[in-house]
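Have a look at the chain first.

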Amino acid sequence: MNYYYQVEGLLRNNIGDVLQGMVAKDLLPEGAKVADREALADLASNEKGMLIANGWYMHSFKKFPAPDNITPVYAAVHIANSALLADAGVREHFRKHAPIGCRDTKTLRLLLGWGIPAYYSSCLTITAKARGPVTHNPDGDVLLVDNVDHPVPDAVFNKLETLLGKKLVRISHDPPDTSGDIESYAKVSEKHMNDLLATYCKASLVLTTKIHCALPCLGMGANVKLIHPNPSDPRLATVAEFIDIISYKEILERTNMDSSPVNKEALEKRRQFLLELVADSIQEGANAVQASGKLKYRLIRAKAALMAKLYRMSVVLSYRVGFAKDKIERVYGAGF
């Protein structure tokens, strides 16, 4: 059996996509291979394999899904573009491998609306292992992690330095080198991401706009705050379950940066579920939520199947009576 983890191999513009593959790699047997998320159909079709399928789906639909000899474990999926499900073959693929673990409720509703059993799982990056001691040293650096193409506005940056009484050390989540084939790109980027995670462990505070900086920091136990221009963005819900998200507007109005408590109980519950899901799937040779006889998985299966039927019925009924028809057609296609 070959084991695969996936890394975004087309645009290569966010090292958070590499991190999502790295955390899956850490949970797989030694020798796991990297797969190009944008070219899963190109995986070897003559050997049995298992793919831990998590992360952001996707820029191109042309080479999706993986061949039938590859068993995908959809553990923590975000579907960015609902057009991915416009193809009946793709919908059937997801049904075959359901229930699908979703890292956000928007993806969950999309799949359920097509009648595909699914459940909310959170994000696999909360299973990130600490790279060295997590110090919380008050004399350590205060890091600001964002992207050069979406920088924190100057007014917010300056106010943060005033509130914290420290100079911020800016770190980008852009990959350092996007050249080469998928194996060489993954090797270079994984080393860089490991170095970043080690830096986060040593910081006194990590301020970030990036989901896949905040979540691994939470998983490792590093001190982190997520700041964002729009805290109500549905993609952020997987972080908001564990910590408060601070808006730019709120930062500009604040007089201090008192710490916000981490919901450690919820974090550990989600983390343990994901760790056990991957371990049990490896043991089963299939998606444990689909194949295992354990009670917790049977309950998820039953609930996901029921929710798929009910949600699909509600979407169809709403469309037929003309309620939210434009929105339904925008999500599920014209002539729904």
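Which residues in helix 6 are buried?

## Helix 6, under cover

They are Ile 211, His 212, Cys 213, Ala 214, Leu 215, Pro 216, Cys 217, Leu 218, Gly 219 and Met 220. That makes helix 6 (residues 211–220) mostly covered, with 10 of its 10 residues buried. Buried here means under 20% relative accessible area, exposed means over 50%, and partly exposed is in between (1.4 Å probe, protein chains only). Helices (H or I, at least four residues) and strands (E, at least two) are DSSP runs, numbered from the N terminus. Just after helix 6 comes Gly 221, which takes a positive phi of about 95°.

Some ground rules: this is a predicted model, where local features need pLDDT of at least 70 and side-chain atom pairs count only at pLDDT 80 or more, while totals for chains, interfaces and linings use all residues. Residues are numbered from 1 along each chain as its sequence is written, and side-chain values use heavy atoms, with hydrogens and water left out.

Gly 55 belongs to strand 3 (residues 49–57) and is buried, at a relative accessible area of 3%. Once you set aside its neighbours within four places in sequence, Gly 55 is in contact (heavy atoms within 4.5 Å) with Gln 20, Ala 76, Val 77, His 78 and Arg 103. Thr 125 is 70 residues away from Gly 55 in sequence, yet their C-alpha atoms are 9.2 Å apart.

Now go to Thr 107, in helix 3 (residues 105–113). Thr 107 counts as buried because its relative accessible area is 0%. Neighbours within four places aside, Thr 107 is in contact with Val 77, His 78, Ile 79 and Cys 102. Val 77 and His 78 turn up on the contact lists of both Gly 55 and Thr 107.

## A loop proline and a covered glutamate

Pro 67 is in the loop between strand 3 and strand 4 (70–79). With 15% relative accessibility, Pro 67 counts as buried. Leaving out neighbours within four places in sequence, its contacts are Leu 40, Ala 41, Leu 43, Ala 44 and Ser 45. From Pro 67 to Glu 92, 25 residues apart along the chain, the C-alpha separation is 13 Å.

Glu 161 sits in helix 4 (residues 154–164) and is buried too, with a relative accessible area of 14%. Not counting residues up to four places away in sequence, Glu 161 touches Lys 166, Lys 167 and Leu 168.

## Patches on the surface

What about the outside? Lys 106, Arg 109, Lys 327 and Arg 330 gather in a surface patch of positive charge. Helix 3 and helix 12 (325–332) each supply at least two of its residues. Arg 330, in helix 12, counts as exposed because its relative accessibility is 60%.

There's also a nonpolar surface patch of about 390 Å², made by Leu 306, Met 307, Leu 310 and Met 313. Met 313 lies in helix 11 (residues 295–320) and counts as exposed at 56% relative accessibility.

For both kinds of patch, residues need over 30% relative accessible area and no salt bridge; like charges are joined within 9 Å, and nonpolar side chains (Val, Leu, Ile, Met, Phe, Trp, Tyr) within 5 Å. A salt bridge is a side-chain nitrogen of Lys or Arg within 4 Å of a carboxyl oxygen of Asp or Glu.

Terms used:
Accessible areas come from the Shrake-Rupley method with a 1.4 Å probe; for residues, only the protein chains shown count as cover. Lys and Arg count as positive and Asp and Glu as negative; His and the chain ends are not counted. The place of a charge is taken as NZ of Lys, CZ of Arg, CG of Asp or CD of Glu.
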